[in-house]
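Keep the viewer open as you read.

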Amino acid sequence: MGRQYSALTVISFIVLAFNSILAIYNAWGDAGSVAFVLVADGVLLLLFLCLGQFERARGGPGIGRIKGAVWALTTLLTAMFAFRVAPLMPPAVEAAVWLMAVGTAAGGLWALFLN
C-alpha cells in the first residue's frame, strides 16, 4: 500500500534536497563540510521515517524503541550543529551554544520518557 505525503512534505524535501546540493557544491573540496551535509540529511531522513512510525504506533508495542530512536536522532542533530557552530563564536557564546544543546537533549529526554 503506497503512502500519501502532503504537498507541504514533498515541497519541504525538494527544498532540502536543493539546499543540500547547493551546500555540497559550495563546500566541494572541504570533505568535512560535505560529509556534514550528507550525514545531516541522512539523519533528517531517518528522523522523518521514525516520526512516521511514532505517529502510527500510538502507544502500541515498540513505542519505547521508536521514542529512543527519535530522541537519539534529534540529539545527534543538535550535537552536530553545536559542534559546527560553537567554535565560530566567542567563548561566552560558545558555552551558551553547548548549554542550549545539552538543555535541548535533556528536554527531549524529559518530554519523551519522563513526562
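## Confidence

Helix H4 (residues 91-114) has the highest mean pLDDT among the elements of the chain, at 96, while H2 has the lowest, at 92. This is a predicted model, and its chain averages a pLDDT of 92, with 97% of the residues scoring at least 70.

## Aromatic pairs

How many aromatic pairs does the structure hold? There are two. Phe13 and Phe48 form an edge-to-face pair, 4.8 Å centre to centre with 75° between the planes. This pair links distant parts of the chain, with Phe13 in helix H1 (residues 7-26) and Phe48 in helix H2, 35 residues apart. Phe13 is partly exposed at 31% relative accessible area, and Phe48 is also partly exposed, at 27%.

The rings of Phe36 and Phe81 have centres 5.2 Å apart and planes at 90°, so this pair is edge-to-face too. Phe36 belongs to helix H2 and Phe81 to helix H3 (residues 63-85), so parts 45 residues apart in sequence are tied together. Is Phe36 buried or exposed? Phe36 is buried, because its relative accessible area of 17% is under the 20% cut-off. Phe81, at 40%, is partly exposed. Phe36 has another neighbour to look for: Arg84 lies over its face, 5.0 Å from the ring centre.

Technical notes. Residues numbered from 1 in each chain as written. Predicted model: local features only at pLDDT ≥ 70, side-chain atom pairs only at ≥ 80, totals over all residues. Heavy atoms only, no water. pLDDT = per-residue confidence, 0-100. Helix = DSSP H or I, 4+ residues; strand = E, 2+ residues; numbered from the N terminus. Phe/Tyr/Trp six-rings, centres within 6.5 Å; stacked < 30°, edge-to-face > 60°. Buried < 20%, exposed > 50% of the residue type's maximum accessible area, 1.4 Å probe, protein only. Lys NZ or Arg CZ within 6 Å of the ring centre and 35° of its normal.
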